[in-house]
Amino acid sequence: MDSKELIARRVALELRDRTLVNLGIGLPTLVARYVPQGISVAFQSENGIIGFGAPPPTGMEDPHLTDAGGGFISALPGAASFDSGVSFALIRGGHLDMTVLGGLQVDVAGHLANWMVPGKLVPGMGGAMDLVVGAKRVIVAMQHAAKGQAKIVASLSLPATSTRRVSLIVTELAVIEPTEEGLLLRERAPGVSVDEIIAQTGAKLLIIGDVPEMPIVVAERDVA
Amino acid sequence: MQRAISAAEAAALIPDGASVMFGGFMGVGSPDRVFDAIVARGARGLTIIGNDTAFPGVGVGKLIDAGCVAAAKVSHIGTNPVTQKKMIAGEIAVELIPQGTLAERIRAGGSGLGGVLTPTGVGTVVEKGKRLIEVDGRDYLLELPLLADFALLRAHEADYNCNLTYRLTATNFNPLMAFAGACVIAEPDEIVPVGVIPPDGVRTPGILVHHLIERPR
């Protein structure tokens with residue numbers, strides 16, 4: 001299992017029955033593959049649909065039916081489509097239970113930066129700022145470090161996405177909960193020691209007692 | 001309305017330097033035939049307002065490629081390296097706007113509001129130069145309305161009265177922009193007789209639309 005799959009399988013355990021969830025482009029999209037058995041989740045894509053599923057067979061795609069990354073999707077029975085105003089009223093208005101987003105950095109206060117690297121990469125914030133402000137829970141799903149550089153840092157060197165404290169950080173090494181007191185190390189990945197996590201983290205971690213191993217969703221479902 | 005116009009006639013209405021709102025999300029739900037005609041006309045100096053700049057060679061990306069665009073007010077340019085290159089070279093001035101804020105600024109512009117108060121962007125670089133207003137203990141940014149000289153829409157069906165429907169995720173910003181252009185031009189997939197779209201099915205009342213693009217011949 002590669003690190004992205006491990007992260008997606010752990011994030012999937014945060015899904016709750018009968019909730020509305022938005023998955024960011026990239027790694028977060030993988031979470032839809034691991035919805036736990038017995039749980040029904042409605043996924044929103046911010047370009048204007050709730051209830052989308054796997055892409056149609058090749059050659060049967062609908063050019064009017066895509067996800068936020070421009071990839072073809074299908075609409076499941078019971079799906080709803082709407083304009084961008086409605087989509088962001090859902091997001092900003094407290095109607096979205098959870099969002100899973102990628103991250104470039106998270107600091108000790110739980111602040112996320114995920115929309116630009118000045119002078120290098122300026123993709124734009126898209127819907128990320130609205131998602132972080134509006135979703136009831138914000139989960140950051142990202143690699144623990146990038147090219148030897150810690151992504152969990154004492155203070156952001158990149159422009160923040162929001163001043164909101166995110167709810168949870170899931171990496172291939174650890175699950176970390178930003179709290180008022182700081183970053184609480186909740187779980188460690190299978191076979192990873194607390195010392196290894198500390199070594200790859202650029203901010204102080206709060207460690208209380210034994211840190212349990214991270215559980216993950218084992219079964220894969222035949223969905224998006 | 002007397003008749004539907006061609007995409008080339010629509011492009012001829014849009015002068016160099018105009019501000020142009022366009023529907024579309026990564027090119028889905030964009031007025032592609034009008035874009036092709038704008039490129040063919042060789043328009044210059046346009047300010048484009050929309051969600052993103054799609055991909056090179058796709059949707060509004062064609063206007064970027066062809067050098068029609070001087071400024072872009074969008075939420076995302078990450079899928080179009082040509083936009084990024086031209087931004088860095090100083091050829092296109094890019095203003096990045098959070099997606100939900102962009103939608104509400106357009107809605108405000110089109111519905112006669114003086115702006116909207118949003119918590120999105122508070123405490124970030126987006127707040128620069130904007131008024132911070134506290135309401136019931138929470139901080140909001142005052143975001144001002146957006147209007148444009150033209151709104152270029154992609155619809156699914158249009159009837160002879162220009163009532164419009166949209167399909168699935170091709171809807172995106174189109175219905176909002178129908179209110180915010182001084183001149184609204186709609187490019188439908190299908191044109192149907194009056195009465196085919198039931199009143200409840202109309203997403204954009206035809207009264208908002210100035211020009212309809214004719215069927216492809």
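Predicted model: local features only at pLDDT ≥ 70, side-chain atom pairs only at ≥ 80, totals over all residues.
Across the interface, 36 residues of chain B are in contact with 33 residues of chain A. In the largest nonpolar core there are 119 residues, and strand β8 of chain B gives the most to this core.

**Where chain B meets chain A**

- On the side of chain B that touches chain A, two helices, α5 (99-110) and α6 (174-177), each supply at least two residues.
- The biggest giver on that side is α5(B), with five residues.
- By class, the residues of chain B that touch chain A comprise 17 nonpolar, 16 polar and three charged.

**The helix pair α2(A) and α5(B)**

- A pair of packed helices is described by the angle between the axes and the distance between the axes.
- Here, helix α2 (residues 84-92) of chain A packs with α5(B) at an angle of about 125 degrees, and their axes are 9 Å apart.
- From α2(A), the contact is made by S84(A), G85(A), F88(A), I91(A) and R92(A).
- From α5(B), the partners are Q99(B), G100(B), A103(B), E104(B) and R107(B).
- Sorted by class, this contact of α2(A) with α5(B) has three nonpolar, four polar and three charged residues.

**The largest nonpolar core**

- Of the 119 residues in this core, V20(B), M21(B), V34(B), A151(B) and A186(B) touch the most other members.
- Strand β8 (residues 148-159) of chain B gives seven residues to the core.
- Leaving out residues up to four places away in sequence, M21(B) touches I49(B), G50(B), I106(B), A148(B), F150(B), A151(B), L152(B), M177(B), A180(B) and G181(B).

**Helix α1 of chain A**

- In α1 (residues 3-11) of chain A, the buried residues are I7(A), A8(A), R9(A), R10(A) and V11(A).

- A54(B) is not a glycine, yet it has a positive phi of about 50 degrees.
- You will find A54(B) in the loop between β2 (46-49) and α3 (61-65) of chain B.
- A54(B) has 29 other C-beta atoms within 10 Å, so it is buried, the threshold being 20 or more.
- N172(B), also a residue other than glycine, has a positive phi near 30 degrees.
- The loop between β8 and α6 of chain B holds N172(B).
- N172(B) counts as buried because 32 other C-beta atoms lie within 10 Å.

**L142(B)**

- Strand β7 (residues 138-143) of chain B contains L142(B).
- L142(B) has 13 C-beta neighbours inside 10 Å, so it counts as partly exposed.
- Not counting residues up to four places away in sequence, L142(B) touches G115(B), L117(B), K130(B), R131(B) and I133(B).
- L142(B) and A11(B) are 131 residues apart along the chain, and their C-alpha atoms are separated by 34 Å.

Conventions
Residues numbered from 1 in each chain as written. Chains lettered and ligands numbered in written order. Contact = placed C-beta atoms within 7 Å. Helix = DSSP H or I, 4+ residues; strand = E, 2+ residues; numbered from the N terminus. Nonpolar A, V, L, I, M, F, W, Y, C, P; charged D, E, K, R; others polar. Axes fitted to C-alpha atoms, helices over the stretch in contact; angles between N-to-C directions. Core = buried A, V, L, I, M, F, W, Y, C linked by C-beta atoms within 7 Å. Buried ≥ 20, exposed ≤ 12 C-beta atoms within 10 Å, placed from the backbone.
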